[in-house]
Amino acid sequence: MPSQSNKNKLNVRRKNTFKLIKSLFQFVVISLLAVLLIRTLFITERYETLSSDTMVNEEGFLAISYFGVDRSGSTQHVSKEQLEKQLTVLKEQGFETISQQQILEYYHEGKLLPEKALYLSFEDGRTDSSIFSQSLLEELNYKATMYTYANKFEERDTKFLKPNDLKTMMRSGYWELGTNGYQLSYINTFNENGESLGELDNIPIPDHPDIEYYNHYLMDYLRDEYMIPKETRREMEERILNQYNKMHESYTEHFNEIPNAYAIMHANSMYNNMDQSVESNNEKMITDNFSLHFNRDLTSFNGPKTDIYNLNRLQVAPWWSTNHLLMKIQEDYDWGIQFENGDESIANLWSINGGVGEFVGEKIILTSQPEKEVVATLKEVLPESYRISMNLEGNVMGEQTFYLSNDNKELKFSLEQNKLYIYQRKSDKEEVLFETDLSGIKWNQDDYAFNKAMVYTYEDTQQGSRVDDDEYPVTLQNNRQIVLDVNEQEITVEIDGKNMMQIDWINEEGLTQFAVGGKIVDLNTQHQQNTDTIYDSVVNMLQITSEDDIIYQVIPPVEKKLKRDIKYKTDEIIDFFIEYL
C-alpha cells in the first residue's frame, strides 16, 4: 500500500500532466484562432468590380443583414456553415452584391443595377463576423458593409473590430464601412418588479433577463420612475446632438470621414412609434450626416420609390433554414427563386403541398409558404402493421404535425407550443381525441427576445414579467422522439420513451398514407420579436419498418457520420475555449 507521501507525489504528477495537456491544447486553439485572424487582417485577394454590361436592373435591390457570425451558431448568431450555404445559394441563383455608391447612384442618377442586386451587411462590428465571412466573400467575389459602434474603437474588447482592422478590410474592396451609432445603451429601463433601473450603458446582451422594459438611448426622452420626462425638449435635443457629434468625431479621427450608411438601433421605431419631437431630431441628424439610412429590418426589397432614408434590410434569423430565407425574399419580390431540394433521389419519394422541402442527410426540412401549412406525403402506401420512429425538431412556437390517413379516417398529430394534440377527421368533421402538456423544455431566459421597438407607459411597467407562461422563446426548437406502433386494430403513441395513449384504428386493407408538415401559429402576445409567417418543420432520423422490412430510412455513409461527429465534438471544444480562455 503506497504511503501518503507517495500518494501526494502521484497526485502532483497527475495534476502537472493534466496542466501540460491543457496548456498544449490551449496553445493549439490560440494558434488556430491567430491564423484565422491573420488570414482576415492580412488579406491578399482583391474584389473584382462587376462589368457595366451586367447593369440592366431598374426595379430595385435586395438587402439582407446578419447580426453576427460564429463557428457553430447560437440564438443570436448564424453559424459559419449556415452563412456559407445561404450566400452560396444566392450566388448560384445570380445575385451579385452592390456597393453603397451604387445605391446612391441608383436613387440620385437613375443608374442601373445588376439583374439580381444584393446589398449585404453585417452588424455590430464583431471580429468573429469578419473572420468567419472573409474567405466566403473572396470565393464569391461579394462585397459587404460592416456596421460598427464608434465607442468600441477605444475599448480593449477584442470581440469588436478596431480601426486598423477595418482599414485593412476596406482596402481589399470586399468591405465598406457603416455605422450603427455611437454606442449601444439603454434608457428608461425597468425590471420585472416594475422598479426603475434608469440608464444602463453597454448592456452585454440586449435582452438581458433582468430588464423587462427599455428604450434605446436615441428613441425617447429620459424618464423617471413614473415614466414622466425628466428633461426638457431642448435638453433632449442637446443630448441626442451630443451623441451624433461624438460619433462624427470618432469616425473622422480614425477614417477622416463619417460612413455613408447608417442603421439606427433599434430598427422600425422611426416613422412608426417614436415620440414626434425625438423622431424629428433624429431625422435631422441622420439627413445632415448620412447618405443612406437602413431603418427597417422586416422585409428585404427596396424599389425606386423607397425613401433612401427609410430603407429595408432583412435581418436573417439564426434558426432560419436556407429555404426559409429564400421564401422571405420571394415573398418580398418575385425574383424567380429556385428552392433547395437537397438529395433529389429522396425528395422524389415525397409529394409536397403548401411549401417546399429540402432533404439533407437524415433531415427533412419543410418550409411553409407564408400563412400556409406545408405538408409532405410519402408516396409509398404503408402495410397493415408498421412502426414509425422520428425526431421532431421544428420550433416549439409553431405547429409541427404528422398524419396517418386511410379510407376510413385521418388522424392528425400536432406538437403546438409544447403540447400534444391528436385530431380525428372523418366525413369532413374534425374532433379532438386527445390533448396533453408535454414535459418542460430547458431554456435560457436570454433566448427570450423581447420586442425592442416598442412604446410603453408607466402602467405597462407595473404589469410584471412579459414572459408569458404559455409561450416559449421563438428561438427554441423541439427535440421530441416520436414512436408510433400501428397494426390493423390500434395505434400506440410514444413520446420521449413515454407511452402516451392507444387509439382505435381500422386498417384492414393496408392503404395508410403517412405525411409530415407544419405551420406558424399566432403568439398570444406581441412581446416577442421576430414573429414570422413562415415555418420550418424539421424531421430527423425518420424510419418506417414493418417486421424485418425497411420501408423508409436514410442512413448516411459511415465515414460521413464519423466525420460529422468528430466535427461536432471539435467545434464544441473549440467554442468552449474561445468563450473561457
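The model is predicted. Helix H2 packs against helix H4 with the axes 10 Å apart, a cis peptide bond joins Met265 and His266, and the count of salt bridges comes to 20.

**Packing of H2 and H4**

- Two packed helices are described by the angle between their axes and by the distance between the axes.
- Helix H2 spans residues 80-92 and helix H4 spans residues 127-140; their axes lie 10 Å apart at an angle of about 20 degrees.
- Because angles under 35 degrees count as roughly parallel, H2 is roughly parallel to H4.
- The crossing in which H2 passes H4 is right-handed.
- On the H2 side, the contact is made by Lys80, Leu83, Glu84, Leu87, Thr88 and Lys91.
- On the H4 side, these residues meet Phe132, Ser133, Leu136 and Leu140.
- By type, the residues of the contact of H2 with H4 are five nonpolar, two polar and three charged.

**Backbone features in loops**

- The peptide bond between Met265 and His266 is cis, with omega at about 0 degrees.
- His266 sits in the loop that runs between strand S13 (261-262) and helix H7 (276-289).
- Asp124 is not a glycine, yet its phi is positive, at about 80 degrees.
- The loop that holds Asp124 lies between strand S7 (116-122) and H4.
- With a relative accessible area of 8%, Asp124 is buried, because the cut-off for buried is under 20%.
- Glu371, also not a glycine, has a positive phi of about 65 degrees.
- Glu371 is placed in the loop between strand S20 (363-368) and strand S21 (374-378).
- The relative accessibility of Glu371 is 58%, so this residue counts as exposed, the cut-off being over 50%.

**Salt bridge between Asp532 and Lys328**

- The closest N and O atoms of the salt bridge between Asp532 and Lys328 are 3.4 Å apart.
- Asp532 belongs to the loop between strand S30 (513-519) and strand S31 (536-546), and Lys328 to helix H8 (residues 322-332), so the pair ties together parts that are 204 residues apart in sequence.
- Asp532 is buried at a relative accessible area of 16%.
- Lys328 counts as buried too, at 11% relative accessibility.

**Salt bridge between Asp485 and Arg387**

- Asp485 and Arg387 meet through their side chains in a salt bridge, at 2.8 Å from N to O.
- Asp485 is in strand S27 (residues 480-486) and Arg387 in strand S22 (residues 386-392); the pair links distant parts of the chain, 98 residues apart.
- Asp485 is partly exposed, its relative accessible area being 29%.
- Arg387 is likewise partly exposed, with a value of 39%.

- Lys111 counts as partly exposed at 39% relative accessibility.
- Glu109 counts as exposed at 54% relative accessibility.

How values were computed:
Residues numbered from 1 in each chain as written. Predicted model: local features only at pLDDT ≥ 70, side-chain atom pairs only at ≥ 80, totals over all residues. Heavy atoms only, no water. Axes fitted to C-alpha atoms, helices over the stretch in contact; angles between N-to-C directions. Helix = DSSP H or I, 4+ residues; strand = E, 2+ residues; numbered from the N terminus. Parallel < 35°, antiparallel > 145°, perpendicular 65-115°, else oblique. Left-handed = near helix turned anticlockwise from the far one by under 90°. Contact = heavy atoms within 4.5 Å. Nonpolar A, V, L, I, M, F, W, Y, C, P; charged D, E, K, R; others polar. Buried < 20%, exposed > 50% of the residue type's maximum accessible area, 1.4 Å probe, protein only. Salt bridge = Lys/Arg side-chain N within 4 Å of Asp/Glu carboxyl O.
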